[in-house]
Amino acid sequence: MSQRWSRKKSRLPLAGLLFMLVVTFMILFNERSIQQIHHHAASHSQNLREASTSNLVKPNVPGNYYLGALEVLDRFSKCNSTKEYSGKKIGWVDPFDDPGQGTKEEQKCDVFSGKWVFDNSSSYPLHKESQCPYMSDQLACQKHGRKDLEYQHWRWQPHACNLKRWNVTEMWEKLRGKRLMFVGDSLNRGQWISMVCLLQSVIPREKQSMSPNAHLTIFRAEDYNATVEFLWAPLLVESNSDDPVNHRLGERIIRPDSVLKHASKWQHADILIFNTYLWWRQDSVKLRWSSEERGSCEEVKGAEGMEMAMNTWGDWIANNVDPNTKRIFFVTMSPTHQWSREWNPGSEGNCYGEKKPIEEESYWGSGSDIPTMRMVKRVLDRLGPKVSVINITQLSEYRKDGHPSVYRKFWEPLNEDRLKNPASYSDCTHWCVPGVPDVWNQLLFQFL
């Protein structure tokens with residue numbers, strides 16, 4: 001009995017040892033399996049990250065421009081071939097972004113929410129069309145036969161406060177020793193003409209000058225050592241439509257990843273006012289990436305092209321603008337009034353013959369694209385205090401009466417059929433000056 005017990009006791013340590021070896025093996029096996037799972041998950045996550053960033057393009061790479069190796073787009077540029085869109089996107093970061101800084105302080109009063117008030121006092125209009133030697137024939141509605149001049153006397157009145165009263169001397173003091181530059185399309189050019197007309201009256205004729213119409217056009221005021229300039233860049237990025245005169249082309253080509261050609265002109269300005277929108281509403285655009293061989297293009301819808309351009313522009317702002325030394329403004333989309341049925345159901349006209357603003361505050365026409373506004377807001381929000389937004393869209397939506405309509409110079413001859421139907425050739429895109437653009441500049445004065 002005692003011998004059997006003794007033998008049993010001698011087997012117990014061996015069994016325990018085997019049990020411990022099995023447990024240890026299982027633990028090591030499980031740990032190795034867990035490590036393999038984690039490694040696989042990390043590799044998969046890395047692959048996903050690489051897949052999500054592989055189609056991101058770093059914009060505004062200067063090397064090729066300075067070496068002169070990159071083809072400059074002009075009105076003679078063509079696409080030798082157009083392939084399927086590769087899915088490339090513009091990737092940019094703000095190297096000085098501070099998440100704790102937050103966005104710029106909100107205005108105490110929303111100056112963009114209000115109504116138009118008829119003001120027949122001597123204060124309005126803020127300037128006289130006939131007294132501005134730089135007025136454009138495209139915007140001079142009174143000169144071209146418009147008899148109803150009420151469009152010049154509407155004043156923008158915010159709901160909860162008053163706009164700062166326009167003061168031309170104070171504005172010149174803000175501009176003393178500075179370059180104020182508008183950059184964009186013909187709508188931004190209209191705002192520039194409005195600003196020049198608002199400012200020039202107090203400058204002696206022999207102390208002011210205007211350069212010839214070119215890619216960059218400059219108004220100079222000698223006594224203030226200041227300039228008010230306009231840079232033609234309707235798509236912000238480089239394009240084959242960058243000629244300020246010959247830009248009506250059948251095929252629109254952009255370089256979606258570079259603003260460097262235009263930035264070389266605007267980078268030394270002290271105050272910059274940008275816009276872009278209208279040109280992206282016209283069909284598709286061709287893409288000529290900086291990395292692609294000459295003549296090779298892709299094609300996207302206008303809205304996609306505009307998002308690329310806005311991100312490329314945003315990259316330049318993020319990397320080159322110190323808000324303490326340079327002021328940047330972005331003017332939101334300028335609405336059109338092509339369909340009178342939108343404010344007058346059942347009618348089949350446009351802005352032709354309209355004499356009063358729309359009074360319905362919630363009015364929103366098809367000439368302003370909400371998805372585009374949301375995209376622009378996303379880009380501007382990322383730039384935070386580096387950009388101030390001048391939101392002209394809603395207040396301009398009300399002004400169906402403010403367009404040139406038929407009261408402007410037309411460079412193409414109008415045939416008899418069109419002359420019998422004025423609505424068919426009415427300009428419901430641009431704005432009479434004096435008029436709505438003066439208020440845009442009054443808002444700029446408010447923010448400066």
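Me: Helix 4 (residues 186–200) and helix 10 pack at an angle of about 75 degrees, with their axes 9 Å apart, but what makes helix 4 roughly perpendicular to helix 10?

Reply: In this predicted model, the angle of the pair is about 75 degrees, and because angles from 65 to 115 degrees count as roughly perpendicular, helix 4 is roughly perpendicular to helix 10. Helix 4 brings L187, G190, Q191, S194, M195 and L198 to this contact, and helix 10 brings P437, D438, W440, N441 and L444.

Me: How many nonpolar, polar and charged residues does the contact of helix 4 with helix 10 have?

Reply: The contact of helix 4 with helix 10 has six nonpolar, four polar and one charged residues; G190 of helix 4 is one of the residues in it, and glycine counts as polar here.

Me: Why are helix 6 and helix 7 called roughly parallel to each other?

Reply: The axes of helix 6 and helix 7 (residues 370–383) come within 10 Å and cross at roughly 15 degrees; since angles under 35 degrees count as roughly parallel, the two helices are therefore described as roughly parallel to each other. Their crossing is right-handed.

Me: Which residues of helix 6 and helix 7 meet?

Reply: From helix 6 come M306, E307, M310, N311, W313, G314, I317 and A318, and they meet T372, M375, V376, R378, V379, L380, R382 and L383 of helix 7. Sorted by class, the residues of this contact are 10 nonpolar, three polar and three charged.

Me: How do you know whether N225 is buried or exposed?

Reply: The relative accessible area of N225 is 61%, and because exposed means over 50%, N225 is exposed. This residue lies in the loop between strand 8 (216–221) and strand 9 (226–232), and N225 has a positive phi of about 50 degrees although it is not a glycine. Most residues other than glycine have a negative phi.

Me: What about S405, and how do you know whether S405 is buried or exposed?

Reply: For S405 the relative accessible area is 3%, and because buried means under 20%, S405 is buried. S405 also has a positive phi, of about 55 degrees, without being a glycine, and is found in the loop between helix 8 (393–397) and helix 9.

Me: Which peptide bond involving P125 is cis, and which one involving P434?

Reply: Y124 and P125 are joined by a cis peptide bond with an omega of about 0 degrees, and P125 is found in the loop between strand 4 (114–118) and strand 5 (154–158). V433 and P434 are likewise joined by a cis peptide bond, where omega is about 0 degrees, and P434 is found in the loop between helix 9 (416–419) and helix 10 (436–447). Most peptide bonds are trans.

Terms used:
Residues numbered from 1 in each chain as written. Predicted model: local features only at pLDDT ≥ 70, side-chain atom pairs only at ≥ 80, totals over all residues. Heavy atoms only, no water. Helix = DSSP H or I, 4+ residues; strand = E, 2+ residues; numbered from the N terminus. Buried < 20%, exposed > 50% of the residue type's maximum accessible area, 1.4 Å probe, protein only. Axes fitted to C-alpha atoms, helices over the stretch in contact; angles between N-to-C directions. Parallel < 35°, antiparallel > 145°, perpendicular 65-115°, else oblique. Left-handed = near helix turned anticlockwise from the far one by under 90°. Contact = heavy atoms within 4.5 Å.
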